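Welcome, and thanks for taking a look at this one with us. Please have the sequence and the coordinates open side by side as you read the notes below.

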Amino acid sequence: MNWIKLIVRLLLGLFMTFAGITHLTVARQEFIAQVPTWLQFSPQFTDFVVLASGVVEIALGLCMILLWKKKAVVGALLALFYVAIFPGNINQYINHISAFGLDTDRARLIRLFFQPVLIFLALWSTEGWSVLKHRWSALFNKNN
C-alpha cells in the first residue's frame, strides 16, 4: 500500500507542477476563463490570480515530490488548495464557460465530481488527514 501511496503522491506532484507551468505559459487564457466572475475585478487582477495560482501549484507540486518528510503537511495544504480553487470549476459550470475542452454542461458537471477525488487523493497519499485533524482539534479545543 505504501508504494501505491508513493506513486499517487508523485503523480499528483507532477500533475500540479505541470499545471502550474501551463498557468504561466501555454494555457494562460484557459485558466483566465476559470477565474470566478465574482473575482474578476479587472483584467490585470484576473491575470494576477492565474499567475499566482500557477506559482502556488508549482510550489505544491514540487513539495509533493521533494519534501517527503513533510508530506502530511504538504498533502493537507494541497487538499486545501483544491478546495480553494473549486469555485472556479463551479463558476465554469454555472456560467457555461468552455475551457480545457469542456464545451458542454455535461462535461463541466462531470468535472465537478473529480475535485473531491483530488482532495481525497492528496490527503490519503500523504496522511494529510492527521494534520487536518490535529489542526481542527487544536482550533476548536483551544477554549476548553
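In this predicted model, the axes of α1 and α4 come within 12 Å of each other and cross at roughly 50 degrees. That angle makes α1 oblique to α4, because it lies between the cut-offs of 35 degrees for roughly parallel and 65 degrees for roughly perpendicular. The crossing of α1 and α4 is left-handed.

**The contact of α1 with α4**

- On the α1 side, the residues in the contact are R9, L12, F15 and M16, and they meet K71, L78, F81 and Y82 of α4.
- Sorted by type, the residues of this contact comprise 6 nonpolar and 2 charged ones, with no polar residue among them.
- Two packed helices are described by the angle between their axes and the distance between the axes.

**Helix α1 on its own**

- Which residues of α1 are buried? They are K5, V8, R9, L12, G13, M16, T17, A19, G20, T22 and H23.
- An α-helix has 3.6 residues a turn, so residues three or four places apart point the same way.
- Against which helices do the buried residues of α1 pack? Their partners are α2 (28-34), α3 (43-66), α4 (71-94) and α6 (114-126).
- R9, L12 and M16 are among the buried residues of α1, and these three also take part in the contact with α4.

**The loop between α4 and α5**

- H96 sits in the loop that links α4 to α5 (105-112).
- Although H96 is not a glycine, its phi is positive, at about 55 degrees.
- F100 is also found in the loop between α4 and α5.
- For F100, phi is near 60 degrees, again a positive value in a residue other than glycine.
- Is F100 buried, partly exposed or exposed? F100 counts as partly exposed because its relative accessibility is 33%, which falls between the cut-offs of 20% and 50%.

**The start of the chain**

- M1 belongs to the segment before α1.
- With a relative accessibility of 63%, M1 counts as exposed, because this value is over 50%.
- M1 and S125 are 124 residues apart along the chain, and their C-alpha atoms are separated by 9.7 Å.

Conventions. Residues numbered from 1 in each chain as written. Predicted model: local features only at pLDDT ≥ 70, side-chain atom pairs only at ≥ 80, totals over all residues. Heavy atoms only, no water. Buried < 20%, exposed > 50% of the residue type's maximum accessible area, 1.4 Å probe, protein only. Helix = DSSP H or I, 4+ residues; strand = E, 2+ residues; numbered from the N terminus. Contact = heavy atoms within 4.5 Å. Axes fitted to C-alpha atoms, helices over the stretch in contact; angles between N-to-C directions. Parallel < 35°, antiparallel > 145°, perpendicular 65-115°, else oblique. Left-handed = near helix turned anticlockwise from the far one by under 90°. Nonpolar A, V, L, I, M, F, W, Y, C, P; charged D, E, K, R; others polar.
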